[in-house]
Amino acid sequence: MKKFRLVLLLITVGFLAAGCQSGSGNGGGSDGEVEFEFWAAPNPAQEAFWEEMAEKYMEEEDNVSINVTPMPESPSSEAGIQSAIAAGNAPAISENISRGFAAQLAESSGIVPLNEFEGYDELIETREMEETMSSWQFTDDQQFVLPAYSNPMLFSWRTDILEDLGFDEAPRTFEEVVEVGETLKEEEPDKYLWARADLVKPNWSARWFDFFMLYNAASDGNNFVEANELVADEEAGIETFELFSEMAEGDMLLTREATDPFESGDTVMMDTGPWTFSYWDDKFPEMEQGETYELTMPPVPEDSDIENPKTFADTKGLSIYASATEEQQQAAFDFINWVYSNSENDLEWFEQTNLPPARDDLATNEAFTEFLDENPELQPYADNIPNAVPPIDSEQTAEIQELIGTEGLNPVVQGDKDAEQAWEDVMNAIDGVLE
Amino acid sequence: MDKSNARLGWLFASPYLIYSLIFFLFPLLWATYLAFTNWNLIAPDYEFVGIQNFIEAFFSESVRAAFFVTYKFLGMFVPIVVGGALLLAMLIHSLPKFKGLFSVAFFLPYLASGVASAIVVNGILSHNSPFNIWLRGTFGLDIDWLGSSILAPLIIALMMAWKFAGYYALLFVAGLESIPKDVYEAAEMDGAVGIKKFWHVTIPMLYPSFYTVTILAVGLMFGIFTEPYVLTGGGPDLSTHTWQLEIYSQAFERLNAGYGTAIAVINSIVTFGSILVFRKILEKWGAKHGWE
């Protein structure tokens with residue numbers, strides 16, 4: 001009986017030990033060495049960049065050990081981070097943090113303010129990102145995220161199709177967009193202006209690439225929510241919904257899944273990020289800027305400033321986690337400070353990922369001139385970084401944006417609500433959430 | 001059984017028991033506790049909120065949708081997958097040779113990643129896919145497959161049936177192989193041939209397989225996530241909004257982990273209750289045919 005109990009005890013201890021083993025490797029090292037975990041975005045190019053940076057940094061700093069690993073996606077990177085924090089396995093630092101998610105993490109004290117670290121002001125100055133950071137500031141004046149890249153979302157227009165329709169240039173106003181759409185449906189009834197299946201889906205994150213692109217343009221970048229209060233621009237909101245309503249009524253929107261409709265010429269416009277170009281290089285080499293397509297900032301309502309419109313910034317950055325020790329937090333900050341103090345590292349990032357570094361001087365700094373000359377399609381992204389508005393910084397971002405979809409955009413596109421009713425319903429629903 | 005045999009049994013069962021204890025029982029107890037809190041998975045502090053999460057879930061439109069959508073999926077998926085698997089099994093069983101090869105071939109979809117399969121289905125049903133172009137060109141049919149609240153769940157059910165039919169067919173093949181030949185001979189002597197033989201001999205004799213397959217299929221429907229997540233996001237109009245989508249959305253997108261856990265607890269109770277009902281129905285049917 002004793003032997004049996006001993007065997008059972010050993011098995012139990014073995015399993016418990018295996019189950020409870022921490023795999024984070026996130027502890028401090030011996031002899032003054034600091035060891036920390038860096039979670040890179042689950043994207044081979046970004047992971048390779050951070051691995052290379054960590055190796056170079058460790059060559060210079062003997063007492064720092066950085067373990068770069070891709071962040072788990074189960075099923076999203078945000079869910080992976082939350083699970084890790086709950087399980088006590090969070091890294092010291094990670095990238096891929098959006099402003100909305102940072103607001104959620106900050107509200108729960110999951111991340112620490114970066115502006116309190118020694119060397120923060122020098123970093124912002126050296127990297128030339130004062131203007132970019134001003135739009136990232138949280139309502140409590142803290143900075144919880146250091147933006148790594150900023151994609152001002154643009155629209156691509158099939159200029160070859162526009163020319164066939166009799167338009168010399170891409171539309172710049174809402175009215176011109178509708179005019180192009182109407183002409184298209186008259187000439188080519190089977191074609192559509194814009195294919196976007198997400199327009200009728202409630203997915204909250206999809207609103208960044210439809211509603212917010214046009215709302216930011218219409219409102220000149222007016223905030224939607226500030227300090228948990230709704231401050232959205234009513235006129236701009238209604239005008240945005242009206243544009244969607246007119247496009248839907250004119251059968252200009254393809255709200256079904258479609259494979260490469262823009263590239264195949266079935267549609268004329270597309271919300272476009274810089275990640276698109278490597279795909280086009282591989283699959284659609286005939287897509288040539290200036291010949292088949294043109295990139296523009298989002299259109300604006302009549303009587304708005306068409307020269308300098310605003311757009312949504314698809315931007316993510318780095319955050320340092322509260323669960324790390326103070327030594328690890330400072331070491332992690334020193335590492336990103338070292339990376340961003342050299343514009344060559346930003347250039348390398350840009351070359352490897354095609355994602356524009358979040359710098360105010362991207363379009364003017366000579367370090368990037370040659371690369372931008374070789375890749376002219378990225379130039380409009382570099383030019384418009386100061387015009388790009390990051391996501392709202394509310395911990396209720398997901399609920400707010402879901403309501404913009406379910407109460408506003410989805411029914412407007414499906415023809416179930418008019419623009420004014422939809423805006424009123426969205427405002428009332430969001431007010432209920434923010435109470 | 002003597003004591004030493006009992007100990008040996010416990011010893012061999014202990015790895016699985018300990019595994020279940022660590023990975024199922026403890027998380028279940030922890031989740032039940034969390035369901036009564038307002039924890040968001042991140043904050044160091046949280047409060048005990050009593051049954052507030054359960055009351056909120058009870059009145060939630062999306063939770064209600066998840067409840068009914070699951071039964072809608074059940075109504076579509078279970079007959080399709082059971083019928084399909086039985087058909088495949090009969091086909092494999094009737095083959096003169098290469099039964100193993102075909103069994104493996106039909107089993108392969110089970111191993112396919114849900115995300116990959118959903119992306120393929122999305123491609124096939126996309127507006128400009130060859131299939132849809134052909135439908136429009138030949139019949140003038142322009143169908144919004146995933147935008148219809150009737151078609152979208154049916155497509156997900158069909159996709160899941162394609163994935164699981166081969167796996168369930170293996171269970172039916174095992175059942176068919178185990179039916180003694182003399183039962184058929186006796187039935188033939190009594191005049192049962194063709195469809196009669198199938199209906200009155202094969203089907204009742206397959207009761208153990210039917211039981212297993214049906215219970216597995218019913219349980220599966222309460223845990224659907226990947227396919228609707230990739231294909232429809234729960235839409236249109238919540239027509240494919242499942243329990244798991246609701247739990248994920250609450251716990252990981254809105255950071256309402258306590259509330260999400262309460263929904264998970266309700267989900268497990270509903271799942272347990274539904275399986276119990278199906279078991280009773282199946283057992284009643286089995287008892288009618290001599291299976292006790």
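## Two domains in chain A

The C-alpha centres of domain 1 and domain 2 of chain A sit 28 Å apart. That figure, like everything else here, comes from a predicted model. Each domain is built from two stretches of sequence: domain 1 takes in 33-152 + 313-389, while domain 2 takes in 154-311 + 392-434.

Where the two domains of chain A meet, 25 residues of domain 1 touch 26 residues of domain 2. Together they bury about 2,000 Å², with carbon and sulfur atoms giving 59% of that area. Looking at the domain 1 side, the residues that lose the most area to domain 2 are A:Tyr381, A:Asn387 and A:Val389, which together make up 27% of what that side buries.

The interface between these domains also has 1 salt bridge by the rule used here. Elsewhere on the list of charged pairs for chain A you'll find A:Asp393 with A:Arg99, whose closest N and O atoms are 3.9 Å apart.

## Where chain A meets chain B

Now for the contact between the chains. On the chain A side 36 residues take part, and they touch 33 residues of chain B. The area buried between chain A and chain B is about 3,000 Å², and 60% of it falls on carbon and sulfur atoms.

How many salt bridges does the rule find across the interface of chain A and chain B? There are 3.

Over all chains, the salt bridge count comes to 24. One inside chain A pairs the side chains of A:Asp346 and A:Arg127, at 3.0 Å from N to O. A:Asp346 belongs to helix H13 (residues 343-353) of chain A, and A:Arg127 is in the loop between helix H5 (120-126) and helix H6 (130-136) of chain A, so this pair ties together parts that are 219 residues apart in sequence.

## Helices side by side

Still in chain A, have a look at helix H8 (residues 174-187) and helix H10 (residues 234-249): their axes come within 10 Å and cross at roughly 5°. Angles under 35 degrees count as roughly parallel, and H8(A) and H10(A) are therefore roughly parallel to each other.

Which residues make the contact between H8(A) and H10(A)? From H8(A) come A:Phe174, A:Val177 and A:Val178, and from H10(A) come A:Glu239, A:Thr240, A:Leu243, A:Glu246 and A:Met247. Sorted by type, the residues in this contact are 5 nonpolar, 1 polar and 2 charged.

## Chain B in outline

Chain B has 13 helices and 0 strands. Its C-alpha atoms fill a box of roughly 75 × 75 × 35 Å, taken along the principal axes.

Most residues other than glycine have a negative phi, and most peptide bonds are trans.

In chain A, A:Asn96 isn't a glycine, yet it has a positive phi of about 70°. You'll find A:Asn96 in strand E3 (residues 93-97) of chain A. In chain B, the peptide bond joining B:Gly235 and B:Pro236 is cis, with omega at about -10°. B:Pro236 is in the loop between helix H11 (226-231) and helix H12 (243-253) of chain B.

Definitions and conventions
Residues are numbered from 1 along each chain as its sequence is written. Chains are lettered from A and ligands numbered from 1 in the order in which they are written. This is a predicted model: local features need pLDDT of at least 70, side-chain atom pairs count only at pLDDT 80 or more; totals for chains, interfaces and linings use all residues. Side-chain values use heavy atoms; hydrogens and water are left out. Axes are lines fitted to C-alpha atoms, for helices over the stretch in contact, and angles run from 0 to 180 degrees between N-to-C directions. Helices (H or I, at least four residues) and strands (E, at least two) are DSSP runs, numbered from the N terminus. Angles under 35 degrees count as roughly parallel, over 145 as roughly antiparallel, 65 to 115 as roughly perpendicular and the rest as oblique. Contact means heavy atoms within 4.5 Å. Ala, Val, Leu, Ile, Met, Phe, Trp, Tyr, Cys and Pro count as nonpolar, Asp, Glu, Lys and Arg as charged, and the others, Gly among them, as polar. Domain bounds come from an automatic or database domain assignment. Buried area is the accessible area (1.4 Å probe) that two parts lose on being put together, summed over both. A salt bridge is a side-chain nitrogen of Lys or Arg within 4 Å of a carboxyl oxygen of Asp or Glu.
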